[in-house]
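Q: Could we go through this model together, beginning with the overall fold and then turning to particular places?

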Amino acid sequence: MCRQTEKGRAVSEPTFAVPPKAPANVRVATKQAPRAAAAERVPDPGSELGPTGRPFPALPEPGPRRAPVEEAAVDQAAVGQRSPATVIALCNQKGGVGKTTTVINLGASLAEFGRKVLLVDFDPQASLTVGLGINPNEVDSTIYHLMMERDVPLDDVVIHTGIENLDLIPSNIDFAGAEMQLINEVAREQVLARALEPAVSRYDVILIDCQPSLGLLTVNALAAADGVIVPLECEYFALRGVALLKGTIDKVQDRLNPKLQIVGLLGTMYDGRTVHSREVLQTLVNGWGDAVFHTVIRRTVKFSEATVAGEPLIAYATSSAGADAYRQLAKEVLARCPGA
Ligand SMILES: Nc1ncnc2c1ncn2[C@@H]1O[C@H](COP(=O)(O)OP(=O)(O)O)[C@@H](O)[C@H]1O
Ligand SMILES: [Mg+2]
């Protein structure tokens with residue numbers, strides 16, 4: 001169960017001024033922003049402001065994992081520490097904001113910290129499956145089969161990635177028809193929650209990579225989750241959809257899943273050299289307060305390179321700033337979700 005974070009207020013239109021454009025033939029010297037250097041690396045805790053304009057907290061080193069229910073059942077030493085998986089949905093109805101990249105790299109970081117992690121590709125576009133180096137056309141069983149067919153064992157759909165502690169339930173284009181089919185199901189909003197039941201007793205953390213929509217599939221993901229992480233590109237239009245998403249989260253919490261909470265909003269593709277990126281992040285913090293993660297993910301081409309290589313950045317460029325940022329995010333998530 002995730003810690004209650006300060007509830008965000010709806011973000012209205014940002015009010016910052018748009019800087020006047022210089023004539024095309026005038027070269028403008030770009031001033032190095034004071035916070036740009038801080039954004040290059042994870043800031044020193046306590047001593048300096050992070051990119052969100054708040055003092056960067058000292059995050060605790062992740063403790064040892066607590067055995068999932070199934071392991072605790074066979075390991076006497078772990079009895080008393082049994083804990084079901086913390087299920088987190090990565091949601092934003094906008095595409096290209098870093099949901100899939102965050103699922104891959106947050107998942108890989110949590111696995112590095114010893115958590116047993118299951119990633120669920122919940123998007124027919126199957127970017128998560130591709131991003132982990134798996135050809136969606138070559139997988140026989142997907143999340144579609146687990147949800148729509150009775151008695152499909154979890155082991156038939158789970159793929160072990162090449163990374164220790166990191167498993168995947170893949171997706172492919174078969175899943176595109178699922179939304180239409182779900183409409184006729186009994187308790188159609190809770191089909192994923194039921195399908196994931198066996199996984200909840202086997203893993204420490206389950207991350208669901210949602211498709212860019214607020215339709216029935218996303219409602220299924222929210223109904224199955226303990227918490228939501230909302231990745232947002234640090235760009236003006238990113239702010240406009242957040243209030244709508246919050247409305248959907250509130251409805252699911254009211255009607256289907258009272259335990260659902262916002263774990264945090266994550267600024268992605270941040271460029272500390274631009275006033276624009278910094279102002280968007282500030283507007284986000286003004287509206288949502290501590291719900292915004294202290295960690296932000298900088299824009300770097302390394303993420304696309306890692307996708308082409310079919311690996312998390314954590315593995316592809318293990319000591320890069322991007323990899324470190326996701327490790328930092330994993331610490332923040334573990335601090336906010338003590339059960340994980
Ligand atoms: N921090 C980042 N910096 C630069 N490119 C990024 C970053 N995060 C993601 N990308 C790239 O942006 C594209 C969209 O990201 P993705 O994670 O697939 O978004 P979504 O799942 O929200 O559609 C991908 O090509 C990805 O490699
Ligand atoms: Mg995606």
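This is a predicted model: local features need pLDDT of at least 70, side-chain atom pairs count only at pLDDT 80 or more; totals for chains, interfaces and linings use all residues.

Q: How many helices and strands does the protein chain have?
A: The protein chain has 15 helices and seven strands; these are DSSP runs numbered from the N terminus, with helices being H or I of at least four residues and strands being E of at least two.

Q: How much of the chain is buried?
A: Of its 340 residues, 48% count as buried. A residue is buried if 20 or more other C-beta atoms lie within 10 Å of its own, exposed if 12 or fewer, and partly exposed in between, with C-beta atoms placed from the backbone.

Q: In what order do the strands of the sheet run?
A: The seven strands form an open sheet in the order 3-4-2-5-1-6-7, with mixed pairing. Two strands pair if DSSP finds at least two bridges between them. The edges are strand 3 (159-160) and strand 7 (261-268), each of which pairs on one side only.

Q: Which helix packs on that sheet, touching strand 5?
A: Helix 3 (residues 99-112) does, and it also touches strands 1, 2, 4, 6 and 7. Contact here means that the C-beta atoms of two residues, placed from the backbone, lie within 7 Å. The direction of helix 3 makes about 170 degrees with that of strand 5; axes are lines fitted to C-alpha atoms, for helices over the stretch in contact, and angles run from 0 to 180 degrees between N-to-C directions.

Q: Is helix 3 buried or exposed?
A: Helix 3 is largely enclosed by the rest of the structure, because 14 of its 14 residues are buried. Helix 3 is followed by G114, which has a positive phi near 90 degrees.

Q: And strand 1, which strands does it pair with?
A: Strand 1 pairs in the parallel sense with strand 5 over five bridges and with strand 6 over three bridges. The bridge partners of L90 are D209 in strand 5 and I229 in strand 6.

Q: Which way do the residues of strand 1 point?
A: T86, I88 and L90 point one way, V87 and A89 point the other way, and all are buried. In a regular strand the side chains alternate between the two faces of the sheet.

Q: Changing topic, which residues are closest to ligand 1?
A: Of the 17 residues that surround ligand 1, the closest are K99, T100, T101, R299 and F303; a residue counts as near if its C-beta atom, placed from the backbone, lies within 6 Å of the molecule. Helix 3 and helix 13 (302-309) each supply at least two residues of this shell.

Q: Where does D151 sit, and what is its phi?
A: D151 lies in the loop between helix 5 (143-148) and helix 6 (154-157). Its phi is positive, about 65 degrees, although D151 is not a glycine. D151 is exposed, with 5 other C-beta atoms within 10 Å.

Q: What about A187?
A: A187 is likewise a residue other than glycine with a positive phi, near 50 degrees. A187 is in the loop between helix 7 (178-182) and helix 8 (191-195), and is exposed, with 10 other C-beta atoms within 10 Å.

How values were computed. Residues are numbered from 1 along each chain as its sequence is written. Chains are lettered from A and ligands numbered from 1 in the order in which they are written.
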